[in-house]
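Student: Please take me through one part of this model at close range. Then tell me how the rest of the chain is arranged around that account.

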Amino acid sequence: YYVGGRSLGSLHVGLSVVATDVGGIPDAVTQEESALLVPPLQAEAMAGGIVRVLRDRDLAARLASAARERAVGDYGIDAVARRIESIYLDGLNASSG
């Protein structure tokens, strides 16, 4: 499992993620599907999420698998390259039109 601010990297390597529901993290994961999100500054909620993942190996495996699929599909090099290419092409089309 992984806790903290480097959640996206954790998704790529197939770790279960327990993270705070702040910043861009909720955009990168889905609660109870690819991660467990807890409110910020609530240590008991974070501890509860960690304990839950440690005790429920099926949940941990499901979270890790879904997270990896999403990370590769949405944030893998091919997906990012396609988005960057699209941005450049849109810019070229706008400037030539």
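Tutor: From the N terminus on, the elements run β-α-β-α-β-α-α-α. That gives 5 helices and 3 strands. Helices (H or I, at least four residues) and strands (E, at least two) are DSSP runs, numbered from the N terminus. The model is predicted, so local features need pLDDT of at least 70 and side-chain atom pairs count only at pLDDT 80 or more, while totals for chains, interfaces and linings use all residues. Residues are numbered from 1 along each chain as its sequence is written, and side-chain values use heavy atoms, with hydrogens and water left out.

Start with H4 itself. Helix H4 covers residues 57-75, which is 19 residues. From its first C-alpha to its last, H4 reaches 26 Å, close to the 27 Å expected at 1.5 Å a residue. The expected span is 1.5 Å times one less than the number of residues.

Which residues of H4 are buried? They are Leu59, Ala60, Leu63, Ala64, Ala67 and Ala71. Seen down the axis of H4, these buried residues fall within an arc of 125°, so they line one face of the helix. The arc is that of the directions from the helix axis to the C-beta atoms. Buried means under 20% relative accessible area, exposed over 50%, and partly exposed in between (1.4 Å probe, protein chains only). The face of H4 turned away from the buried side carries exposed Asp58 and Glu69.

Now the N-terminal end. Asp56 caps H4 there. A side-chain oxygen of Asp56 lies 3.2 Å from the backbone nitrogen of Asp58. This is a polar contact: N or O atoms within 3.5 Å, one able to donate a hydrogen and the other to accept it, with residues adjacent in sequence counting only if both atoms are side-chain atoms.

Ser16 is found in the loop between helix H1 (7-12) and strand S2 (17-20). At 5% relative accessibility, Ser16 is buried.

Next, helix H3 (43-55). Gly49 has its place in H3. At 7% relative accessibility, Gly49 is buried. Leaving out residues up to four places away in sequence, Gly49 touches Val18 and Leu36 (contact: heavy atoms within 4.5 Å).

The side chains of Glu32 and Arg52 meet at 2.7 Å, N to O. Glu32 lies in the loop between H2 and S3 and Arg52 in H3, so the pair ties together parts that are 20 residues apart in sequence. The rule asks for a side-chain nitrogen of Lys or Arg within 4 Å of a carboxyl oxygen of Asp or Glu. By this rule the count is 1 salt bridge. Both partners are partly exposed: Glu32 at 33% and Arg52 at 37%.

Glu32 has a positive phi of about 70°, although it is not a glycine. Leu41 has a positive phi of about 60° and is not a glycine either. Leu41 sits in the loop between S3 and H3. Its relative accessible area is 88%, so Leu41 is exposed.

Last, the whole protein. Of its 97 residues, 28% count as buried. Residues 24 or more positions apart account for 44% of the contacts with a separation of 6 or more.
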